[in-house]
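Subject: Structure handover

Hi,

Here is the structure I promised to pass on. Have a look at it first, then read on for what turned up.

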Amino acid sequence: MTQAWQRIIIGLIVSCAAAAAQASELVIYGFEGNAEGWSVPDWAKTSADYGVTEIAPSTTQAKEGASALELRVDLPGGQWSGAYIERQVEVTDWTPFSRLVVSIYLPDDAPTGLTGRFILTVGEGWTWTEMNRALPLSPGEWTELAVNLKPGSMDWKFFPDEEFRKSVRKIGIRIESDKEPAYHGSVFVDNVRVME
Ligand SMILES: [Ca+2]
């Protein structure tokens, strides 16, 4: 759905006007048959702290549509480690949106203790902006990871101002293990969406 971003936003604005301020959500990445431009950055491929072996669309699990993005992660345990994927966004002005949400699935045989976190790269300086805390992920189910984008939101390591939403450059998602557990297996990401 990536190429449809701007068209959909125009549609959203029109439908919002029609629906008289009823809240709307927009799926911006659904991974239906392709990775939609998401990748593991080169620095993460070579960092000792980061471990994703590959990413690919998969029909093994899906929260939205028929497929999700499958990450094959390699988190060794015994040290902090993360699996990080990102995408430069096509629409940088997120002023209409108050929340960013993604669904993350861990297989039944995954351990407990893994967490997920959003990272946004924002502004002229491409500032790396992490969520304040990582959300626990549960084996065998989809977890909704959501963050508030509004000015003053305390979900981020600094409190966003009015400029925060006007200049979003990249979305990143990180699966983390803080010393434990070790995990070598799949994580599924789907249904990245923004809400009015
Ligand atoms: Ca999907």
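A quick definition before anything else: helices (H or I, at least four residues) and strands (E, at least two) are DSSP runs, numbered from the N terminus. On that basis the chain has two helices and 11 strands. Read from the N terminus, the order is α-β-α-β-β-β-β-β-β-β-β-β-β.

Two things to keep in mind. Residue numbers start from 1 along each chain as its sequence is written. Also, this is a predicted model, where local features need pLDDT of at least 70 and side-chain atom pairs count only at pLDDT 80 or more, while totals for chains, interfaces and linings use all residues.

How much is buried? I call a residue buried if 20 or more other C-beta atoms lie within 10 Å of its own, exposed if 12 or fewer, and partly exposed in between, with C-beta atoms placed from the backbone. By that count, 28% of the 196 residues of the chain are buried.

Strands count as paired if DSSP finds at least two bridges between them. β3 runs antiparallel to β2 (residues 52–58), joined to that strand by six bridges, and proline 57 stands opposite leucine 69 in β3. β3 is also antiparallel to β11 (residues 183–195), this time with seven bridges; there, arginine 72 faces serine 186 in β11.

Now the core. A nonpolar core is a set of buried Ala, Val, Leu, Ile, Met, Phe, Trp, Tyr and Cys residues joined through C-beta atoms within 7 Å. The largest one has 41 residues, and Leu69, Leu71, Val73, Ala83, Val187 and Val189 have the most contacts inside it. Strands supplying at least two residues each include β1 (25–29), β4 (80–88) and β10 (168–178), but β11 gives the most, with six.

For contacts, the rule is that the C-beta atoms of two residues, placed from the backbone, lie within 7 Å. Leaving out residues up to four places away in sequence, valine 187 touches Leu71, Val73, Ala83, Ile104, Leu106 and Ile175. Across the chain, among contacts between residues at least 6 apart in sequence, 74% join residues at least 24 apart.

Isoleucine 119 has glutamate 130 in β7 as its bridge partner. Four residues sit between the two strands, and glycine 123 takes a positive phi near 80° in this hairpin.

Cheers
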